[in-house]
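Trainee: I have a chain to go through with you. Can we take it piece by piece?

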Amino acid sequence: MNDHGHSSNSLADAVNGALEQLTGRSGGLDGSSVRAWKAGRVKWPKSATRKALEDVTGLPATALGFVPRGRPAPPQEDPAMKRRTLVGGIAAVAATAAAPGTAAPRRIGMSDVDRLRKRFADIVASDHRHGGQLGIEQRAAALADEALNLQNAGSATTRVRSNLYACAASFRSSAMWAAIDGRRYDDAKAHMREAQALAEMSGDQAIKFRIWSHAGTMYRHMDRPSDAFAANDVARNLHITRRDPMFASLGLARQAAIQGTAQDRTGTRRAIDQAQDAMLRADPDAYRPVWMLAFYDQAELDSLALAACLSLGDYQTAEFHAHRCLSARRPHMHRSLAITTTRLAHAQLAQGAADAAMATAMSVPSDAAAQHPRVTHMLQEFGAALRATAPGSSAAQIWTDHTRDAWRNTA
């Protein structure tokens, strides 16, 4: 693993690929499986896994340190000798592969890219339903590695390789967004750096826009508006925003949310109006990537306007955008529905309507309230504000009872 730059996850992915070639089904191994091998907790893997490991490394299972059942463990070997043996074994396999008469290398084509795109659509759907979950982040990161592994699995045209890098960047950007949504900002920044490098290699303008636009949102949630402006400006200055007004509209709507955080009232209103104008100019039938089609519409524009107005303390306008967003929100946007409803409760409470705000907050689905980190945090802030503005009131007591019972049953 050290000599060939494998992490636990990438070695697991390589063995899964070998298992798929052997059995027709991808293996279910992950980084924890490799760590179990290294620690000796699994002394003799299943036969198919052993064969896949041997194919990947060019060494028999016993040379990798596995011990057949019923046999004593071999004496420890000098680490330097083990590395030389491993390198020699892989070199021998490479020489055999290059010899005349062996099978031709696999041809990677657009069918492989299409398969990855379908899995990306599944990740996007999971995000809109659950959002912020560590499992979504990990699955997206693993699929990014799988797309990269295909680069080395056979020959491919330049077009196919560019698309593979775009797929890897797409998965990594989804891992980044799941970490942002889950308030795991250090992890999000690590995903961002990898996603940006992959996007550059792909040359795909749409995925570059997604990554930099996500970065702007991340810094906004971290209350770093200067960095948020800088990142969002990179997205807004890509030529895709001039080619398709829908991308321009999204960039401007997110700009408005950042300007709200920065307390720029004039800039916020101007950006919202410009985002609306750009959306009206956009061709509804133009080709756009699945991640864009899945979420950006009038409801999302109003959601970002709602966030901006809340930050500014313009609660009446915030409530207007909240109601308009909820009336247009598509049914599959479960996570966004919970966020918008929670923001509406905040706007109502700030206008003195404690009972209405409490009823709105109680309508947030309990699974989102208890399991989605961003929604949970926003509802905790709502509860604190309710107790501060209406201490000892029936609304505050009802809310306390509701959160204790509903969230406990869901957690």
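Trainee: Leaving aside neighbours within four places in sequence, which residues is Ser336 in contact with?

Mentor: Contact means heavy atoms within 4.5 Å. Neighbours within four places in sequence are left aside. On those terms, the partners of Ser336 are Glu300 and Arg329.

Trainee: Where is Ser336 placed, and is Ser336 buried or exposed?

Mentor: Its place is in helix α17 (residues 334-350). Helices (H or I, at least four residues) and strands (E, at least two) are DSSP runs, numbered from the N terminus. Buried means under 20% relative accessible area, exposed over 50%, partly exposed in between (1.4 Å probe, protein chains only). Ser336 has a relative accessible area of 10%, so Ser336 is buried.

Trainee: What kind of model is this, and what is the mean pLDDT of the protein chain?

Mentor: This is a predicted model, where local features need pLDDT of at least 70, side-chain atom pairs count only at pLDDT 80 or more, and totals for chains, interfaces and linings use all residues. Residues are numbered from 1 along each chain as its sequence is written, and side-chain values use heavy atoms, with hydrogens and water left out. pLDDT is the predictor's confidence in each residue, from 0 to 100. In the protein chain 87% of residues reach 70 or more, and the mean is 85.

Trainee: Which elements have the lowest and the highest mean pLDDT?

Mentor: The lowest mean, 44, belongs to helix α4 (residues 79-98). The highest, 98, belongs to helix α12 (residues 245-261).

Trainee: How many contacts does the stretch of residues 82-102 have beyond near neighbours in sequence?

Mentor: Over residues 82-102 the pLDDT is below 50. Residues 73-77 are also below 50, with four contacts beyond near neighbours in sequence. For residues 82-102 the number in the model is 15.

Trainee: Where is Gly216, and which residues is Gly216 in contact with beyond four places in sequence?

Mentor: Gly216 is in helix α9 (residues 205-221). Its relative accessible area is 2%, so Gly216 is buried. The C-alpha atoms of Gly216 and Ala235 are separated by 8.8 Å, though the two are 19 residues apart along the chain. Leaving aside neighbours within four places, the contacts of Gly216 are Ala228, Ala231, Asn232 and Ile258.

Trainee: Which residues touch the most other members of the largest nonpolar core?

Mentor: A nonpolar core is a set of buried Ala, Val, Leu, Ile, Met, Phe, Trp, Tyr and Cys residues joined through side-chain atoms within 4.5 Å. The largest has 63 residues. Its largest share, twelve residues, comes from helix α7 (residues 158-181). Those touching the most other members are Phe209, Ile211, Leu250, Trp291, Met292 and Tyr296.

Trainee: How many helices and strands does the protein chain have?

Mentor: Buried residues make up 49% of the 411 residues in the protein chain. Its secondary structure comes to 21 helices and two strands.
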